[in-house]
Amino acid sequence: MSEAELKAVADAADIIVNGYAFSVSEDCIRVLNLGSPSRAAVLSSTGEVFETSMDDIELSIVNDYFRRNREFLAA
């Protein structure tokens, strides 16, 4: 992913928490690790994991960020 594409994702994100861009998309929340763009996840509005390329530890961290900040996402 190019630097311009990363910037576009970051600019379009609903929130960014510690380098993770959270974007609300229709019926899911897309999460991208901006520092390592090959690591991403798709969550339900309740935090259920639909798809991921993250390991269990990173996914646990992302879920914690999601739970703490879900009020700021208009899902």
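Asn 63 touches Leu 43, Gly 47 and Val 49, residues up to four places away in sequence not being counted; contact here denotes heavy atoms within 4.5 Å. This asparagine lies in helix H2 and is buried, with a relative accessible area of 15%. Buried denotes under 20% relative accessible area, exposed over 50%, and partly exposed the range in between (1.4 Å probe, protein chains only). The model is a predicted one, in which local features need pLDDT of at least 70 and side-chain atom pairs count only at pLDDT 80 or more, whereas totals for chains, interfaces and linings use all residues. Residues are numbered from 1 along each chain as its sequence is written, and side-chain values use heavy atoms, with hydrogens and water left out.

The secondary structure of the protein chain consists of two helices and five strands, arranged from the N terminus in the order α-β-β-β-β-β-α. Helices (H or I, at least four residues) and strands (E, at least two) are DSSP runs, numbered from the N terminus. For 75 residues, a compact globule would have a radius of gyration near 11 Å, and the value of 11 Å found for the protein chain agrees with this. That radius is taken over C-alpha atoms, and the globule rule is 2.2 Å times the number of residues to the power 0.38. Along the principal axes, the C-alpha atoms fill a box of roughly 30 × 25 × 20 Å.

Of the 75 residues, 36% count as buried. The protein chain exposes about 4,700 Å², of which carbon and sulfur atoms supply 48%; accessible areas come from the Shrake-Rupley method with a 1.4 Å probe, and for residues only the protein chains shown count as cover. Among contacts between residues at least 6 apart in sequence, 29% join residues at least 24 apart. The chain carries 6 positive and 13 negative charges, whose mean positions are 5 Å apart. Lys and Arg count as positive and Asp and Glu as negative, while His and the chain ends are not counted; the place of a charge is taken as NZ of Lys, CZ of Arg, CG of Asp or CD of Glu.

The largest nonpolar core has 14 residues, and those with the most contacts inside it are Tyr 20, Phe 22, Ile 29, Val 31 and Met 54. Two or more residues are contributed to this core by each of strand E1 (15-17), strand E2 (20-25), strand E3 (28-33), strand E4 (40-43) and helix H2 (56-69). Helix H2 provides the largest share, four residues. A nonpolar core is a set of buried Ala, Val, Leu, Ile, Met, Phe, Trp, Tyr and Cys residues joined through side-chain atoms within 4.5 Å. With residues up to four places away in sequence not counted, Tyr 20 touches Ile 15, Val 31, Leu 32, Asn 33, Met 54, Glu 58, Val 62 and Tyr 65.

Glu 58, one of the residues touched by Tyr 20, is found in helix H2 and counts as buried at 8% relative accessibility. Leaving aside neighbours within four places in sequence, Glu 58 is in contact with Tyr 20, Asn 33 and Arg 39. The C-alpha atoms of Glu 58 and Ala 41, 17 residues apart in sequence, are 10 Å apart in space.

Cys 28 is located in strand E3 and is buried, with a relative accessible area of 9%. Neighbours within four places in sequence aside, Cys 28 is in contact with Ser 23, Val 42, Leu 43 and Phe 50. A C-alpha separation of 9.0 Å relates Cys 28 to Gly 47, 19 residues apart along the chain. For Cys 28 and Glu 48, 20 residues apart along the chain, the separation between C-alpha atoms is 9.5 Å. Glu 48 lies in the loop between E4 and strand E5 (49-52); with neighbours within four places in sequence left aside, Glu 48 is in contact with Val 42 and Leu 43.

Most residues other than glycine have a negative phi. Asn 18, in the loop between E1 and E2, has a positive phi of about 45 degrees although it is not a glycine, and counts as exposed at 60% relative accessibility. Glu 26, in the loop between E2 and E3, likewise has a positive phi, of about 40 degrees, and is exposed with a relative accessible area of 82%.
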